[in-house]
Amino acid sequence: MKLLFINGVNLNMTGVRERGVYGSSTLDEINAEIAAHFKGVECAFYQSNNEGDICTAIQNADCDGIVLNAGAFTHYSYAIRDAVASVSVPVVEVHMSNVFKREPFRHVSVLSEVCAGTIAGFGKNSYILAGESFLLGK
Ligand code: DQA
C-alpha cells in the first residue's frame, strides 16, 4: 500500500500560523507522526503553494490513495478539482479545522464532489483518519 499526502497553499506555515486553529506542530512533525503511524505503508509527502504544481502531483501520483489538504484552494480551485477527476487514484479531502464551524466561504468545497470522502476537524489526526480509510477499504 502506497499513500501520498498532499498539502496545498499555506500548509507549510502549519505550527507557525494561527496555532489556535491548526495547532503548534510543524508540517514536518505532522508528516513524521503520520509515517510512524502507518508502519508497513509506503507514505510520501508533498507540499506546494502553487496550484499547478498540486495538479501535476495529482496527475503523476503512483499510489493507492491520496490524502489531500488543498488549504484555501479547496474553496475555489476548479483546476485541482479537474486534476482529481482526471485520475483513477481515490482522493480523500482533509481539513485540520472543522471548516463548517468557520467562515461561510470555508463551507464550500469545489473538491468534495470528486473526492471519495472528506475528513475535517480533527487537527493533525485528520490526516491519519483519512489514511486509515484506505486501509479499511469500503
Ligand atoms: C484548511 C482549511 C482551509 O479553509 C484553510 O484555507 C487552510 C487549511 C484546514 O486544514 O483546516 O489553509 O484546509
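What follows is a short chat about a predicted model and its cores, salt bridges, ligand site and loops.

Visitor: What are the ground rules here?
Guide: This is a predicted model, where local features need pLDDT of at least 70, side-chain atom pairs count only at pLDDT 80 or more, and totals for chains, interfaces and linings use all residues. Residues are numbered from 1 along each chain as its sequence is written, and side-chain values use heavy atoms, with hydrogens and water left out.

Visitor: How many residues are in the largest nonpolar core?
Guide: It has 22. Ile-6, Ile-58, Ile-66, Leu-68 and Ile-80 have the most contacts inside it. A nonpolar core here is a set of buried Ala, Val, Leu, Ile, Met, Phe, Trp, Tyr and Cys residues joined through side-chain atoms within 4.5 Å. Buried means under 20% relative accessible area, exposed means over 50%, and partly exposed is in between (1.4 Å probe, protein chains only).

Visitor: Which strands and helices each supply at least two residues of this core?
Guide: Strands E1 (2-9) and E3 (65-71), plus helices H3 (51-60) and H4 (78-86). H3 gives the largest share, four residues. Helices (H or I, at least four residues) and strands (E, at least two) are DSSP runs, numbered from the N terminus.

Visitor: What does Ile-58 touch?
Guide: Leaving out residues up to four places away in sequence, Ile-58 touches Ile-6, Ile-66, Leu-68, Ile-80, Ala-83, Val-84 and Val-87. Contact means heavy atoms within 4.5 Å.

Visitor: And what lies apart from that core?
Guide: Another core, of 17 residues. Ile-34, Val-41, Val-67 and Val-94 are among them.

Visitor: Switching topic. How many salt bridges?
Guide: Five. The rule is a side-chain nitrogen of Lys or Arg within 4 Å of a carboxyl oxygen of Asp or Glu.

Visitor: Which residue meets Glu-33 in a salt bridge?
Guide: Lys-124, at 3.0 Å, N to O. The pair links distant parts of the chain, 91 residues apart. Glu-33 sits in helix H2 (residues 27-37), and Lys-124 in the loop between strand E5 (117-120) and helix H5 (125-136).

Visitor: Are those two buried or partly exposed?
Guide: Glu-33 is partly exposed, at 34% relative accessibility. Lys-124 is partly exposed too, at 31%.

Visitor: Which residues are linked in a network of salt bridges?
Guide: Arg-102, Glu-103 and Arg-106. Glu-103 pairs with Arg-102, with the closest N and O atoms 3.8 Å apart. For Glu-103 and Arg-106 the closest N and O atoms are 2.7 Å apart. Arg-102 is buried at 18%, and Arg-106 is buried at 16%. Glu-103 is partly exposed at 35%.

Visitor: What surrounds the ligand?
Guide: Arg-17, Tyr-22, Asn-69, Gly-71, Ala-72, His-75, His-95, Met-96, Ser-97, Val-99 and Arg-106. The cut-off is a heavy atom within 4 Å of the molecule. So Arg-106 turns up both here and in the salt-bridge network.

Visitor: Which polar atoms lie by the ligand's oxygen atoms?
Guide: A side-chain atom of Arg-17 lies 2.9 Å from a ligand oxygen. A polar backbone atom of Ala-72 is 3.1 Å from a ligand oxygen. For an N or O atom in the Ser-97 side chain, the distance to a ligand oxygen is 2.6 Å.

Visitor: How much of the ligand's exposed area does the protein bury?
Guide: 98% of the 320 Å² that the ligand exposes when taken alone. Areas come from the Shrake-Rupley method with a 1.4 Å probe; for residues, only the protein chains shown count as cover.

Visitor: Back to Lys-124. What does the side chain of Ser-25 do with it?
Guide: The two side chains make a polar contact at 3.4 Å. That term means a pair of N or O atoms within 3.5 Å; within protein, one must be able to donate a hydrogen and the other to accept it, and residues adjacent in sequence count only if both atoms are side-chain atoms. Ser-25 lies in the loop between helix H1 (19-22) and H2. Ser-25 is buried, at 15%.

Visitor: Where is Asp-64?
Guide: In the loop between H3 and E3. The Asp-64 side chain reaches the backbone nitrogen of Lys-2 at 2.6 Å.
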